[in-house]
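Okay, everyone, here's the structure I wanted to show you today.

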Amino acid sequence: MKIVDVLTQPARAGFFADDQAAIRAGAGHDGFAYTGDPLTRGFTAIRQAGAALSVLLLLEDGSVAYGDCAAVQYSGAGGRDPVFSAAAARRDVEEHLTPLLRGAELGSFRELAGRVEGCRTASGPLHTAVRYGVSQAVLDAVAQSRRLTMAEVVRDEYATGVDLAPVPMFAQTGDDRYANADKMILKRVDVLPHGLINNVETKLGRRGELLEEYVRWLVGRIARLRSDDAYEPRLHFDTYGTVGLAFGGDVEAVAGYLARLGDLAAPHELVVEHPIDAGDRESQIETYVRLRAALRRLGSPVKIVVDEWCNTLEDIEMFVEAGAADVIHVKTPDLGGIGNTIEALLLVRDRGLVAYCGGTCNETDRSAQVSAHVAMACGAGQVLAKPGMGVDEGLMIVGNEMARVAALAAARRSGGAVTARAGREVLS
């Protein structure tokens, strides 16, 4: 089967693009907006509406495959591409990728996605969000041509050797970290709450006391609201480098603080994302190696999650090789094409680390669905419930997609009748 044509349509992302540097520097709130001027290049305001671009591939049998170009909430931070423009992305797709895709034969996903990933403009590679969305559409197109799910295509082409089953979901509270944590507990979310600890004065505390207080509350809340003692979710906090800021970059002091948090979190496992921002990739690797060693000396089981300065497949390879994290956040839009996400998840998993198929609240329903397929096919340790910060929508989109894929895979294994009509799987 061939691709007949390519259409593009600006769309809505699930959240907002935020200037992390301005927020961390103390920007004030004005309702849901922020006050002050942006600090990161490309932003016109500290908080601006997220943008997306849908890419639709028209196939010769009349079916349509699609994916969504979307970027992370904190664009331009930690070495990432600048804030995403749907208009600029549309021009790039039409000029550079439409000629490449129109008339292309839908054979191997890896081969066609590699051609998209390797496309260059006069200024260099296409924006990561463009490669992300177009490769989603390619994966969908190949899956439709084979009458398989996207997860099955990934499993088969990459020989991942996994059974297609739902993986643990990680939800994020946003700033409403109390009511949304309640929602997560009631819905028995596997990993929670993210917490959005992105400011020292208002979220962490000058010596970390605000986060300590929140951990105490959360542990007590889980004990009170859970329906049975078997529910022991993993606690995962994203601290946006604020712990390092509060403790002056002192690695030993940060380790001591994280160890205390681990004690407070018991009996739950504690993982902390981006406790220190060292300013560049090499410094981040060196700092996290030291931090993990300090935690081991303290006998602390707290795990470190790498995020900032670990944006590309090459970055992830370097962090894994150095042993600079326990959990690798494979932040899907940052890696560009979905093929890079797959390679990264498999690398992390095969090295015995936790492969976190993440991303951002500022994605779309479509990119979240594709991520669910990829996470299952690669045997990820956890997947982000996205898009949005409202908990419910992300859990529904990602959780329901994984449930549907698992049902189809189970029916095929058991020999149940699974037929295909117009590119859609039907159980009979």
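So, helix α2, residues 86-101, spans only 19 Å between its end C-alpha atoms, while a straight helix of 16 residues would span 22 Å at 1.5 Å a residue. That expected span is 1.5 Å times one less than the number of residues, and helices here are DSSP runs (H or I, at least four residues), numbered from the N terminus, with strands being E runs of at least two.

Before I go on: this is a predicted model, where local features need pLDDT of at least 70, side-chain atom pairs count only at pLDDT 80 or more, and totals for chains, interfaces and linings use all residues. Residues are numbered from 1 along each chain as its sequence is written, and side-chain values use heavy atoms, leaving out hydrogens and water.

Where does α2 kink? The kink is centred on Glu 94 and comes to about 40 degrees, taking the bend as the angle between axes fitted to the seven residues ending there and the seven starting there. Just after α2, Gly 103 has a positive phi of about 85 degrees.

Several α2 residues are buried, including Val 93, His 96 and Leu 101; buried means under 20% relative accessible area with a 1.4 Å probe, protein chains only. The buried residues of α2 pack against β1, β4, α3, β6 and α4.

Leu 101 turns up again in the largest nonpolar core, 119 residues, among those with the most contacts inside it. Such a core is a set of buried Ala, Val, Leu, Ile, Met, Phe, Trp, Tyr and Cys residues joined through side-chain atoms within 4.5 Å. α4 gives the most to this core, with 10 residues.

Technical notes: Buried < 20%, exposed > 50% of the residue type's maximum accessible area, 1.4 Å probe, protein only. Contact = heavy atoms within 4.5 Å.
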